[in-house]
Amino acid sequence: AVSQDDGEQKGSSGPEVSLLPEDDSWSEAELEVDAVGSQNVQVCILADSVLSSWDVQGTHIWSLPGAGIEWFQMLLDMWVINPCLYAQVVVAVGSNDVVNFSDIDIVKEKFGQFCQAVTEMNSDVQIVLCSVLPRLREDLKAKDKVIQLNRYFRLLARADNVTYVRTNLGFFRGRLVRRDLFSDGLHLSVKGMNLVKKNLNRVLTVGSGSGAKLNAS
């Protein structure tokens, strides 16, 4: 998620929002989805309202409207979310954080602390950090911070148990955000949701029974 709308759309045929996405956004968008493993695991997905309409089978999803990383840190501290129950913890938040915090370094610190806390509770769990998806709203205000946060996720992914997945692949046409992937400038259309599922399936472990896979039908 990298950007947000300027609020000055002139109808559905208005100009697209110009961004400076990560340097390799447009090239990586052409990559084929990797084959997903077949190991039987439990998966927990932590998300905000942008991903609230997921129809996920065999996966425990926490979708909290307006949530940022602080919310899930609090639930983690209270053991409401228990990483010991899962083999993968997918973190799909950050869009609200880049809007609510003026200092992106504070947001980075909070994500770093969250990953450390999860690891301390379960050193075997794999943490999957999803890139922050574009928000067409408040584009000029948030896009630079989103880019910085996504780059920081790459640094966190240098740890053995942390993976960074580019869930925003395909959200850019050239250097422009694709409006057809959004329903209201913030939340995703069906097409946008399916693209996120496809991107996430690159790293999400598929299993049978209690295992998990996202249905991108």
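A surface patch here joins residues that have over 30% relative accessible area and no salt bridge, with nonpolar side chains linked within 5 Å. The model shown in every view is predicted.

**View 1. A nonpolar surface patch formed by M74, M78 and V80**. Together, these three residues present about 300 Å² of accessible area. V80 lies in the loop that runs between α2 (69-77) and β4 (88-92).

View 2. Most residues other than glycine have a negative phi. With a relative accessible area of 47%, W79 is partly exposed, since that class covers values between 20% and 50%.

**View 3. Strand β5 (residues 126-130) and its pairing with β4**. Strand β5 is mostly covered, as four of its five residues are buried. The pairing of β4 with β5 is parallel and extends over four bridges. Within this pairing, V91 stands opposite L129 of β5.

**View 4. The parallel pairing of β5 with strand β6 (residues 162-165)**. Four bridges connect β5 and β6. C130 has V165 in β6 as its bridge partner. In a regular strand, the side chains alternate between the two faces of the sheet.

Note on methods:
Residues are numbered from 1 along each chain as its sequence is written. This is a predicted model: local features need pLDDT of at least 70, side-chain atom pairs count only at pLDDT 80 or more; totals for chains, interfaces and linings use all residues. Side-chain values use heavy atoms; hydrogens and water are left out. Patches are made of residues with over 30% relative accessible area and no salt bridge: like charges are joined within 9 Å, nonpolar side chains (Val, Leu, Ile, Met, Phe, Trp, Tyr) within 5 Å. Accessible areas come from the Shrake-Rupley method with a 1.4 Å probe; for residues, only the protein chains shown count as cover. A salt bridge is a side-chain nitrogen of Lys or Arg within 4 Å of a carboxyl oxygen of Asp or Glu. Helices (H or I, at least four residues) and strands (E, at least two) are DSSP runs, numbered from the N terminus. Buried means under 20% relative accessible area, exposed over 50%, partly exposed in between (1.4 Å probe, protein chains only). Two strands pair if DSSP finds at least two bridges between them.
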